[in-house]
Amino acid sequence: MKQFIERHTFWAVMIMIAVIVFAWALFAVWPEWLIDAIGRKKTFVNTLFNGITLGGLYFIVASGFTLVFGLMRNVNLAHGSMYLLGGYIGYEVAEASGSWFLGLIVAFLAIAITGVLLQVLVFRRMEGDDLRQTLITIGISIIAADLMLAVWTGTTYQFDPPEWLYGAVNLPIISVIKSSGDAVYIKYPMYRLSVLVVAIAVGIALWLFLNRTRIGMMIRAGVNDREMLSASGVNVQLVFALVFGIGAGLAGFAGVIGGTALSIAPGEDVRYLLASLIVVIVGGLGSVPGAAIGALLIGLAEQFGLAYFPTYGVVLTFIIMVVVLAVRPQGIMGGR
Amino acid sequence: MDTDRLFNKSNPFAAIPAWSWIIGLLLILYPSFASDFFTYQIGAYSLLLGTVALSLMMLAGYGGMVSLAQLTVAGLAGYLMAILGDNSVGVMGLGWPWWLAVIVSVFAAAIFSAFIGAISVRTEGIYTIMITLAIAVAFFYFVRQNYTLFNGFTGFAGVEPPTLFGIYWRDPVPFYYLSLAVATGFVGAVLNASRSTFGLSLMAIRDNPRRMRALGYNVAAHRIAAYFMSGIIAGTAGVLLVWFNGRISPGTVGVDVVIDILVIAVVGGLRHPIGPFLGAIAFVLLENFAIDLIDRERFNTVIGLAFLLVVIFSPDGILGLWKRLRPKLRLGKSVPSAAAGTTPTDSHVSESVKEV
């Protein structure tokens, strides 16, 4: 930290100014001219929180995607289908058992098992042939989308989360001060905040798993040098199957979380595939911290785009991707 | 003298094998024995899809760059036709003369394609698929939510081809010949380009970019130029596609269609420009007649399964299957299987290498 300030004094000052401006915009009551310029504070704060929570959801989806790629160099384009399938399975289980949490757990396990089976039955047979693996995942996603449409039809499904996740909480942020002198606090849905908490928990859990356990150590070694890892006596195939299981399971897990925050319907698979793709392109393929940064950026860009320039919202996301590719083709946190 | 000229080795027609003359004759005579439905919905449509897939085959087969955004490039050209020319929706429709609209649309599509190339060219292999897929999906969402330029969810209708020389070009037979001419022209152009210095360097870059860079070739420039050329092919096909359908909407550039193009190219085979057309014919036939075999709703499952089987068992597609079967069929004759096993592209390569 100190070293950074000494080396890049200019940037340190700029970052500090940005943080102060941001904190002011967040906590102060906005003056008239600012409201005239960019609209009400409530819109801004809501968009900001929507962006951050959406980023959290994207992180859960994309972390699995990037984990699988990092170790196996396998771009799983069926990741979106796994998200959607997880959502449907979670919905069925939650409906049948009446427990939303059971749905969440079963969705994770079911998709994790699907992932392990895919790895063992299909991808192991064509190791090292990236292009063919990718084409196969495309084929799987075509079939999966069609079969899911056949089973669950085009209806939109809405989850029924537990009581205490309903409702809104007051954020400690004042939106306006009424003429009577009372401060009006901004309300935000409880469930969306818990999505953020879950995303942070997933991030911390992944970090602990990768950095503090023996298996995590093997995975990191495998990312650096697969052959060497197997030469040192580790059963690489087992590690691969495990990682694929976790990566796919995270997609299914996100299916229930995201399905509750928004809804589950055909076409969502493509949306989350696109999100994962852009998040990992921006953040750097194979890097979990990169996925967190990318997810936050893309989530914010999407929500601010939607709120402030509705018909050109996608362009903002696209511009971020192009700029990152132009400056750092390997992504913000990408190695190599 | 004249005969010498005719059978000179430098004559480009001498390189065309006899069987392709027969196929060409069949294709020209096709409308005379096929019904309007078969001429237009099957014949012309296969040719158009095949042309879009050809632009992908050119990039993937010769350049090693699997771009999923080829249909998006074609879609942009189609949208531009509706925006610059006339449409019946009442949004945009600047009313330019058709020839100017066509030129600008195709050129803009080629520029867009070169731009996609410039974005993805610094990364390699699997990244190309991811970036181009992201661009294709982003374009789909963009045209769906943008109402000022692209008329959002509804898109455009009433995009008409011109009436020229007293012929209305959307009538089945004229349109079939138009598509056939365009497709043949581009197949010839791609084959020719593959034997040119540019094509050879592109293939060399596909096989070993680092070595080519070391030899002083500008790898990125070659790749972007290839994207530009494939953009011309895809853009032209896009113009014809919007004339074929008469309308264009976000569904036309949707992800499923984008992937269909990849399926067509891979199922047909990426080794020779004829491959995409074989794939397109198989795809269109299946699309139209699969209802008789299975539930129409499950068409995508059939397509997906066919694609999976091809990727798993015959990575070179229908062409590869043919290459593998041919030596077995000729077992009686003493044809060395190695010679029969070489693909046309390979023989072209060796031929041109000798010339160089």
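Axes here are lines fitted to C-alpha atoms, for helices over the stretch in contact, and angles run from 0 to 180 degrees between N-to-C directions. Helices are DSSP runs (H or I, at least four residues), numbered from the N terminus.

This is a predicted model, in which local features need pLDDT of at least 70, side-chain atom pairs count only at pLDDT 80 or more, and totals for chains, interfaces and linings use all residues. Residues are numbered from 1 along each chain, chains are lettered from A in the order in which they are written, and side-chain values use heavy atoms, without hydrogens and water.

Two helices of chain A pack against α11(A) (residues 236-261).

| Helix of chain A | Angle to α11(A) | Axes apart |
|---|---|---|
| α5 (residues 79-97) | about 55° | 7 Å |
| α6 (residues 100-121) | about 145° | 7 Å |

α5(A) and α11(A) are therefore oblique to each other (angles under 35 degrees count as roughly parallel, over 145 as roughly antiparallel, 65 to 115 as roughly perpendicular, the rest as oblique). Their contact (heavy atoms within 4.5 Å) includes A:G86, A:G87 and A:G90 of α5(A), and A:G247, A:A248 and A:A251 of α11(A). The residues of this contact divide into 7 nonpolar, 9 polar and no charged. Gly counts as polar in this scheme. For α6(A) with α11(A), the division is 17 nonpolar, 8 polar and no charged.

Now the two chains. Chain B gives 39 residues to the contact and chain A gives 42 residues. The buried area (accessible area, 1.4 Å probe, lost by both parts on being put together) is about 3500 Å². Carbon and sulfur atoms give 78% of that area. B:I126, B:Y127 and B:M130 lose the most area in chain B, together 18% of what that side buries.

Definitions and conventions. Buried area is the accessible area (1.4 Å probe) that two parts lose on being put together, summed over both.
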